[in-house]
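Please view the sequence and the structure before reading on.

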Amino acid sequence: MRTLTGIQPSGQLHIGNYFGAMRPAIDAQAAGDCFYFIADYHSMTSLTDAGQRRANTRDVALDWLACGLDPKKCVLWRQSDVPGVTELSWILGTLTPMGLLERAHSYKDKVAKGISPNFGLFAYPVLMAADILMFDTHLVPVGRDQKQHVEMTRDIAIKFNQLYGETFIVPEPRIRDDVAAVPGLDGQKMSKSYGNTLEIFGEEKALRKKVMGLVMDSRTPQEPKPDAEKNLAIQLLKLFAPADVAADFENRLRAGGLGYGDLKKALFEHYWNYFAAARARRAELAANPDYVEQVLRDGAQRAHAVGDAVLQRARQACGLA
Ligand code: ADP
Ligand code: TRP
């Protein structure tokens, strides 16, 4: 069973990325056969600063490694180091219906937000299908927002197999219900593009300020809060604190007597401590950029070997070879 996922280097990674995609991917390492990449081609649909892309790509690699990705157990590479994926994307694009792409939520959301779309943004799910199919992937750990893209990948794989003969494995999304959509500072889905994030590796003072600035309602501390489970700070605390500790805070909030300020302080402490070990590891790795670059180069070589074989299989099947 091969697990594969990608993260765009489009900004600093946040706890939604961590719980939705990175953590399940890191847990999957125990079973082996994991392929993880930094989707730098995809980031071109929204980011046009070359230096920023390079810096973000390095940061995403550091984040993955600091959070526990072990290059001995899995393959980590930069998408653009295996450029054959763009050829596969072309092949798959020729059998992707326009209507399928026009129905993509993430594309429609971005257009609705006033982004003037380029062809790359429209074709984004086809490149993502190529990412997944090129490595004979079975499972794709992602947050809920990416489910539709994995379903499109399935449709495209099935269509190719019908037209040209069995070539691709049809993958499944893996979405953990408890963390499928981590809420952001404003209660909407946390996302780099919404400016509502809590970073995994932010600066202490800035992160404390973000947490203490969470907007709560105007009920007094003494008032019982029967809807305690809907409180944003409680929802976030559940991600970081042991279950009994989080349940205790929720009960105290429900009963009345716990002030929002104290709740937010506790949230910040648990959040900050949760990543303490990873933060130390990240600082060590950052001091050793050659090691990180070597990990990405080795990863690219291994990914290329697997991906190229599948690409040749696809070329053969559709009469290009
Ligand atoms: P962003 O929306 O911040 O740009 P990406 O689109 O780069 O994040 O997502 C990278 C991975 O993190 C994807 O698998 C995505 O589903 C997951 N993810 C992003 N935001 C969240 C969230 N708020 N909750 C759960 N998973 C998320
Ligand atoms: N579209 C994903 C996101 O924005 C990133 C991505 C690109 C990806 N290719 C992928 C995720 C392949 C999983 C598999 O989050």
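Which residues in H4 meet which residues in H7? The model in which this is examined is a predicted one. From H4, the residues Val85, Leu88, Ser89, Leu92 and Gly93 take part, and their partners in H7 are Val126, Leu127, Ala129, Ala130, Asp131 and Leu133. Sorted by class, this contact of H4 with H7 comprises eight nonpolar, two polar and one charged residues.

The geometry of the pair can also be stated. Helix H4 spans residues 84–93 and helix H7 spans residues 119–133; they pack at an angle of about 115°, and their axes are 8 Å apart. The crossing of H4 past H7 is right-handed.

The two ligands are considered next. Around ligand 1 there are 17 residues, of which His14, Gly143, Asp145, Val182 and Lys192 come nearest. Ligand 2 is surrounded by 14 residues, and the closest are Gln8, Tyr124, Met128, Asp131 and Gln146. Asp131 also belongs to the residues of H7 that meet H4.

| Residue and part | Ligand atom | Distance |
|---|---|---|
| Val182, backbone | ligand 1, nitrogen | 2.7 Å |
| Ser191, side chain | ligand 1, oxygen | 2.8 Å |
| Lys192, backbone | ligand 1, oxygen | 2.7 Å |
| Gln8, side chain | ligand 2, oxygen | 3.1 Å |
| Tyr124, side chain | ligand 2, nitrogen | 2.6 Å |
| Gln146, side chain | ligand 2, nitrogen | 3.0 Å |

Ligand 2 on its own has 360 Å² of accessible area, and the protein covers 90% of it. Ligand 1, taken alone, exposes 530 Å², of which the protein buries 94%.

Methods
Residues numbered from 1 in each chain as written. Chains lettered and ligands numbered in written order. Predicted model: local features only at pLDDT ≥ 70, side-chain atom pairs only at ≥ 80, totals over all residues. Heavy atoms only, no water. Axes fitted to C-alpha atoms, helices over the stretch in contact; angles between N-to-C directions. Helix = DSSP H or I, 4+ residues; strand = E, 2+ residues; numbered from the N terminus. Left-handed = near helix turned anticlockwise from the far one by under 90°. Contact = heavy atoms within 4.5 Å. Nonpolar A, V, L, I, M, F, W, Y, C, P; charged D, E, K, R; others polar. Near = heavy atom within 4 Å. Polar contact = N/O pair within 3.5 Å; in protein donor to acceptor, adjacent residues only side chain to side chain. Areas by Shrake-Rupley, 256 points an atom, 1.4 Å probe, with all protein chains shown as cover.
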